[in-house]
Amino acid sequence: MSEAQDLEAFRASVSKWVSENLPPSIVGKGMDLEGEASDDVKADMDLWRQRLAEKGWGAPNWPKEYGGAGLGHPEAKIIAQEMAKQGGFNPIPLLAGMGVTMVGPTILEYGTDDQKERHLPGIASGEIRWCLGLSEPNAGSDLAGLSTKAVDEGDHFVLNGQKIWTSGANISQWCGAVVRTDPNAPKRDGISFVMLPMDQEGVETRPIQLISGASPFCETFFNDARVDKTDLLGDLNDGWSVVKRLLQHERQSQTAAGGRPGGPKESLADKAKRYVGTNDDGSLTDADLRTRIVKQMMAEQAHGLTVSRITAEARGQVKVSAAASILKNSATAIAQGNAELQMEVMGSQGIGWEGHNFADEELENVRDWLWGKAISIYGGSYEVQNNIISKNILGLPETTQKG
Ligand SMILES: Cc1cc2nc3c(=O)[nH]c(=O)nc-3n(C[C@H](O)[C@H](O)[C@H](O)COP(=O)(O)OP(=O)(O)OC[C@H]3O[C@@H](n4cnc5c(N)ncnc54)[C@H](O)[C@@H]3O)c2cc1C
């Protein structure tokens with residue numbers, strides 16, 4: 001059989017499996033059902049998670065022995081497509097926090113066998129959520145300036161310091177953190193990457209509220225927090241290499257240009273027709289807006305095809321590069337451009353915060369737009385990605401940015 005025939009056969013088997021295993025009560029629902037759903041629906045969601053985990057489809061590209069399915073990217077894409085076709089949704093990457101997209105791939109690359117065995121299956125099944133303790137109040141773009149200290153106490157380290165913007169810290173079981181293990185070394189040479197359990201006395205989290213009203217991240221305080229030495233990822237004082245790699249995985253995972261998870265599903269063009277109106281031939285009445293929407297759609301299409309090409313070229317390998325910075329910035333520009341146009345087509349209906357004059361989708365719109373401001377900040381800011389592109393891809397001279 002040719003590769004294409006193999007994939008078609010695989011597609012058919014996935015489609016059959018999804019139709020036999022996706023509980024009807026969760027069809028068409030996403031994670032947002034969590035809070036309001038009945039106990040039965042929640043139980044069905046967990047059953048679906050378990051079934052996916054047994055297939056290794058929570059992290060289909062990972063090796064089978066660590067909870068994955070040992071599949072390539074084309075197969076993983078087919079699984080996602082067939083699930084979506086039947087109204088299914090894979091909750092595992094969200095339940096695992098930073099686990100599936102960032103920490104897991106980095107453990108696969110830098111971890112010892114023991115670390116892989118202990119940490120990866122819990123991520124791949126969506127049972128263990130991870131957060132990332134990188135940024136500090138005085139170390140964001142200049143991450144290497146971090147000052148959280150880890151002191152060697154024989155078989156473990158003791159951590160003291162503060163992290164900030166730690167997404168999901170208050171609901172995570174584990175944290176991957178960068179800490180200073182040698183205060184006398186040049187700043188990038190004295191950093192290590194450690195993994196620590198969040199449920200311990202020395203860790204305190206305080207949620208921060210965003211402009212959109214949500215509290216997706218926290219201040220995280222380490223007061224004599226303990227990290228076993230068996231949870232040092234990579235070599236002592238080589239954490240800068242580990243975190244650089246992790247950040248590439250993070251950017252890679254942020255190339256989808258989709259905006260907020262669970263954000264609007266109706267296409268921009270359809271929404272514009274609904275709000276602005278159409279001519280007799282079905283075209284949008286506002287010609288200038290029509291042109292800008294078409295440009296936006298072309299940019300989205302070109303970006304999507306480029307991501308697919310790069311993913312296909314990687315052929316299922318854990319292979320990310322500085323190109324992730326280009327894709328992250330292009331995804332950012334597209335997502336924010338889309339959000340601006342969504343606002344524009346809805347006019348004053350798109351900027352309501354509360355009240356009966358606004359439909360739910362209109363109230364969500366302004367929250368999506370505000371949320372989208374974060375895309376050019378998290379995972380390394382837009383400007384910092386441009387610095388990386390100029391230095392590592394274009395080979396231009398070093399800027400003031402040292403990260
Ligand atoms: C929604 C969200 C989730 C996040 N989740 C996490 C998380 O889970 N864990 C975590 O550790 N962190 C997280 N962060 C933090 C994020 O990584 C930092 O906000 C980001 O790296 C920028 O750092 P900063 O906020 O300290 O800004 P700063 O570094 O102070 O930058 C401020 C501004 O200056 C610009 N700037 C800085 N240096 C340069 C330069 N050399 N050249 C050009 N411009 C420059 C920046 O582009 C930015 O516009 C999250 C952030 C957001 C918004």
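Two strands count as paired if DSSP finds at least two bridges between them. Helices (H or I, at least four residues) and strands (E, at least two) are DSSP runs, numbered from the N terminus. The model is predicted: local features need pLDDT of at least 70, side-chain atom pairs count only at pLDDT 80 or more, and totals for chains, interfaces and linings use all residues. Residue numbers start from 1 along each chain as its sequence is written.

Strand β7 takes part in the pairings tabulated here.

| Pair | Sense | Bridges |
|---|---|---|
| β3 (residues 156-167) and β7 (residues 217-228) | antiparallel | 10 bridges |
| β6 (residues 203-208) and β7 | antiparallel | six bridges |

Within β7, V227 is the bridge partner of F157, and F221 stands opposite E204.

Of the 15 residues in helix α8, 11 are buried (20 or more other C-beta atoms, placed from the backbone, within 10 Å of the residue's own). Among them are W240, V242, V243, L246 and L247. The buried residues of α8 pack against α6 (99-110), β4 (174-180), β5 (191-197), β8 (232-233) and α11 (323-346).

Helix α11 also meets α13 (residues 382-393): their axes, lines fitted to C-alpha atoms over the stretch in contact, come within 9 Å and cross at roughly 145 degrees, on a scale from 0 to 180 degrees between N-to-C directions. Contacts (C-beta atoms, placed from the backbone, within 7 Å) involve S325, I326, K328, N329 and T332 of α11 and Y382, Q385, N386, I388 and I389 of α13.

Notes: A residue is buried if 20 or more other C-beta atoms lie within 10 Å of its own, exposed if 12 or fewer, and partly exposed in between; C-beta atoms are placed from the backbone. Two residues are in contact if their C-beta atoms, placed from the backbone, lie within 7 Å.
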